[in-house]
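Let's take a walk through this two-chain model together. Please keep the sequence and the 3D view open as you read.

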Amino acid sequence: MIHRSLLRYAGVRYLWWGVALVAASIVLYSTQGGLNPPKGDTWQGYVLGSIGALLIVWLTLLGVRKRRYASTMGSVQGWASAHVYLGLAVVFVATLHCAFRFHWNVHTLAYVLMCAVVASGIFGILVYAYFPRQLSENRQGGARSELFAELLEQNKRGREIAGRCDPNINAAVKSAIERTAIGGGAIAQLIGADRSWYIRTDREASGGKTNLISNTDQQPVIDYVADRVPRAEKRTEAANLQSLLLVLCQRQKTLRRIRRDVQLQGLLNIWLYLHVPLTLALIAALIVHILTSFMYW
Amino acid sequence: MEVLVRHLRQGPDGVAEFQDTQVSSAEISVGSSADSSIQLLGRTVGATHALIKGSGARITVSCLRGFGVKLNDKPIAQALVKVGDTLEIGGHRLKFIAPPGGFDVAIEVQLDSSVPDSEFEAAFITDLVRTGLSKRAASWMLIGLVSALAFAIPMATIYLHRSGVATPTGVPDDTLWTSGPLSAAHQHATGKKCGACHEQLFVHVRDSACRNCHKSINDHVAPDRLQLTSLGDTQRCAQCHREHDDGASRLIINDDHLCVACHAGSERRFGTIKLQTVAGFSKSGHPAFSVQLQKLRASGGDAALNPDWVSERLPLASAFEKSNLKFSHLQHLDANRVTKAGGGAMGCGDCHSPAADGEHFIPVSMAKTCSSCHELNFDPQAPNRQLPHGKPIEAMMIIEDYFTHKAFDPPPVNQHTALRRIPDFARDPSRDQELDACTKGPKECSRLRIDAEIENQFARRGCVSCHVVVDTQAKDVHERYQVTPVRLGFDYFPEVRFSHKSHRIQGKLTGDAACESCHAARRSKQSRDLLVPDIDNCLDCHRDKHSRDTTPVKNDERKITEKIALQCVSCHLYHPVAIISTSRGMEEK
């Protein structure tokens, strides 16, 4: 598992680096007082602030490093491990730098953004800790393409059997297959929304009009077909409907797994959509923080 | 509108067949999404590709941005359609046919058979990358927001402020750059305009910005004196006065190190200025106290009578008050010798009233303090006749007038009960009787009596009991006796702060016991005794912040539990104030 080896890289070497950094920062912080009450503008404050700013820049460079496959500057895994532990340590360093003073200003904005970046990073660590196993269990060891291959096969059989049934059933099943929705927008992917539809062409239920009917989780179309089974006039028709039902139920199961797969994959990736933009906003706020500190000092 | 959608397709037996569906909607959506009114599959078909809307004969087709639609083989973005027209979308053909009764529009759909049924899977968006989410766009947006709101707009407001324009409501200004809240006074004085103190960007707040308002503040060391030392330039105001400090230092950094850094090395660093070394508040770190007293600039001649007082600083141990007053605290506090009018011994508060500042005392005066016991009558037979205080010549004249009148027009004998004057230690009753029994003429008798009483007052009892009287031996009796002016110390430590108020209760001691724990009044027989305690007395209960010894003195009657830490600025001022007076003459002589 990638996250395990990332956290336990080189015998948690970078955990100890982080702990050492926090301990050194606390010692440095405690030397403030008297003439220099703890604040960001004492020499200790400047040292802590510089360490924090350099750390943030270095942590950001992970995004550059992991794209440079030819780089020899340590393994990506080593960088990622250090990124995690030093990224957590930077919260302590920054808190000691600002000496627990928070106000409605650009300096606290930088701090809040930093905390948001770290929080999104922690979320990333957590999803990497829990979701890969669920993802793997849901795929039953296979790949997503296998799930889709299964679905395509079921669609093919569904269409084939439906073609042998009466036109209303045929239209309903064919439309249910074609109007099956998977994924969609970011929110739809993350909550596993199902906005599938099917079309009913029989006039008895729809008041003489064609109806586009919601087919969430495929249950409505299954119910529709199941409802026709007892009314089958011929034995072959009943057998076809039975076979069709079986295929539709198998298809429902496959679709559930695909949606869960899309959802888990989305959750596994969504934190980066927060982590990266917030990091860049943090860099901007950090520059503003440093610049304005010296403009009005 | 009511739309008939007719799908044409090849039946299983090879015969063309159609399937009609009816759609009732304000507009018909065409695309690959599951909820499209007409679903078309294919890689070139968008989720919502085109819209058909209108009513009656006016039906329009509009193609959504980024997609392609052909009307009668010509690409269009939007067009009116009529019966017989054919749309082509992704290889599929949609023909507008004459609508049967009850329908507004009828569309015949001929699907492109070369598009496999499985094409609809291509429309699935199963990856966040293909959604509207974009790390890059979000990053740029946030960078833009932060840069604009936190930097660019506040920066612009600086130039607005400089041109005298206030920040428009709701616009973020440079107060967002503050490192913490201003103290209330500065917030009020600057009107929250950063530029009031931060006059120039990237430059420390200048002292001149402080002095714009704080005009009367004095330097700790005057510039000419500073040149005598090796201390260098005066520190910036902001070195000690920290603003935006969250109330942590209450605007003043009052750590002892601030003072001790220079004063511990006074011998090395103060050049020709001689000051005692101070390393803290302890027996070894702080010099013994020295008091400021008044002394006469010149001696001899009439210096005693027309004094020119100058301040003099003396070690407390060898300092004596020169008040020209005769007074014994011991005697006044002894119940066997002095009692109050209502009975009982006198206490400190009977004479000493604290001033409103909590530090000083209202000066003792004859009128306010002494006269309740000490009357100025001079003839036991006329106890209501009083001499004026502080006016010796007038007093002599009253004596002359009184006894002249008495000699020529004597009052009835024993008309009044003789009252005892306090103090009365020098009066000789036999001499009074002898003078009363004078057998000479009234003029001679009154002269004798007047001379005797003036001598009595100025050389034997009366005024001379409390005051220093100089006998000039002048022939004119009015010139002969001169009473030396009284000058009581008002403030022995003018540069030092001390709160008598907060020392009214000391541990277990209150009232006079608290006063006497520092001021040894019961042992003082003379007015020259200063009664001011030296540093040892303070160190019984106090220490400096860095001293770890918090144990109070054993067997101390105050029984405090722990020594209280003092800082330099608890007693000393950094910025010297103009000293009003170290000594005040009695308001009433």
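Among contacts in chain A between residues at least 6 apart in sequence, 70% link residues at least 24 apart; here two residues are in contact if their C-beta atoms, placed from the backbone, lie within 7 Å. For chain B, with the limit of at least 6 apart again applied, 50% of contacts link residues at least 24 apart. Before going further, note that this is a predicted model, in which local features need pLDDT of at least 70 and side-chain atom pairs count only at pLDDT 80 or more, while totals for chains, interfaces and linings use all residues. Residues are numbered from 1 along each chain as its sequence is written, and chains are lettered from A and ligands numbered from 1 in the order in which they are written.

Let's look at each chain as a whole. Chain A contains twelve helices and two strands, where helices (H or I, at least four residues) and strands (E, at least two) are DSSP runs, numbered from the N terminus. If you follow the sequence of chain A, the elements come in the pattern α-α-α-α-α-α-α-α-α-β-α-β-α-α. The C-alpha trace of chain A spans about 100 × 40 × 30 Å along its principal axes. Its radius of gyration is 29 Å, whereas a compact globule of 297 residues would have one near 19 Å; the radius is taken over C-alpha atoms, and the globule rule is 2.2 Å times the number of residues to the power 0.38. Of the 297 residues in chain A, 39% are buried. A residue counts as buried if 20 or more other C-beta atoms lie within 10 Å of its own, as exposed if 12 or fewer do, and as partly exposed in between, with C-beta atoms placed from the backbone.

Chain B has 17 helices and 22 strands. Its C-alpha trace spans about 175 × 60 × 55 Å along the principal axes. Buried residues account for 18% of the 589 residues in chain B.

Now zoom in on chain A and its helix α3, residues 43-60, where you will find A:Gly45. Why does A:Gly45 count as buried? Because A:Gly45 has 20 C-beta neighbours inside 10 Å. Leaving aside residues up to four places away in sequence, A:Gly45 touches A:Lys39, A:Gly40, A:His97 and A:Ala99. A:Gly45 and A:Cys98 are 53 residues apart along the chain, yet their C-alpha atoms are separated by 7.3 Å. A:Tyr46 also lies in helix α3 of chain A. A:Tyr46 is partly exposed because it has 13 other C-beta atoms within 10 Å. Between A:Tyr46 and A:Cys98 there are 9.8 Å from C-alpha to C-alpha, and the two are 52 residues apart in sequence.

How do the helices pack? Two packed helices are described by the angle between their axes and the distance between the axes. For α3(A) and α5(A), the angle is about 150 degrees and the axes are 9 Å apart. Axes are lines fitted to C-alpha atoms, for helices over the stretch in contact, and angles run from 0 to 180 degrees between N-to-C directions. The two helices α3(A) and α5(A) are therefore roughly antiparallel; angles under 35 degrees count as roughly parallel, over 145 as roughly antiparallel, 65 to 115 as roughly perpendicular and the rest as oblique. The crossing of α3(A) with α5(A) is left-handed, a term used if the near helix is turned anticlockwise from the far one by less than a right angle, with right-handed used if clockwise. Among the residues of α3(A) that meet α5(A) are A:Gly45, A:Gly49 and A:Gly52, and the α5(A) side includes A:Gly87, A:Val90 and A:Ala94. By class, this contact has ten nonpolar, six polar and no charged residues. Ala, Val, Leu, Ile, Met, Phe, Trp, Tyr, Cys and Pro count as nonpolar, Asp, Glu, Lys and Arg as charged, and the others, Gly among them, as polar.

Helix α5 of chain A (residues 76-97) also packs with helix α6 of chain A (residues 106-139), their axes coming within 10 Å and crossing at roughly 150 degrees. The crossing of α5(A) and α6(A) is left-handed. The residues of α5(A) in this contact include A:Gly87, A:Val90 and A:Ala94, and those of α6(A) include A:Tyr111, A:Cys115 and A:Gly121. By class, the contact of α5(A) with α6(A) has ten nonpolar, two polar and no charged residues.

Finally, which chains meet? In the interface, 48 residues of chain B are in contact with 52 residues of chain A. The elements giving two or more residues to the chain B side are β2 (16-24), α1 (135-162) and α6 (257-263) of chain B. Of these, α1(B) gives the most, with nine residues. By class, the side of chain B that touches chain A has 24 nonpolar, 18 polar and six charged residues.
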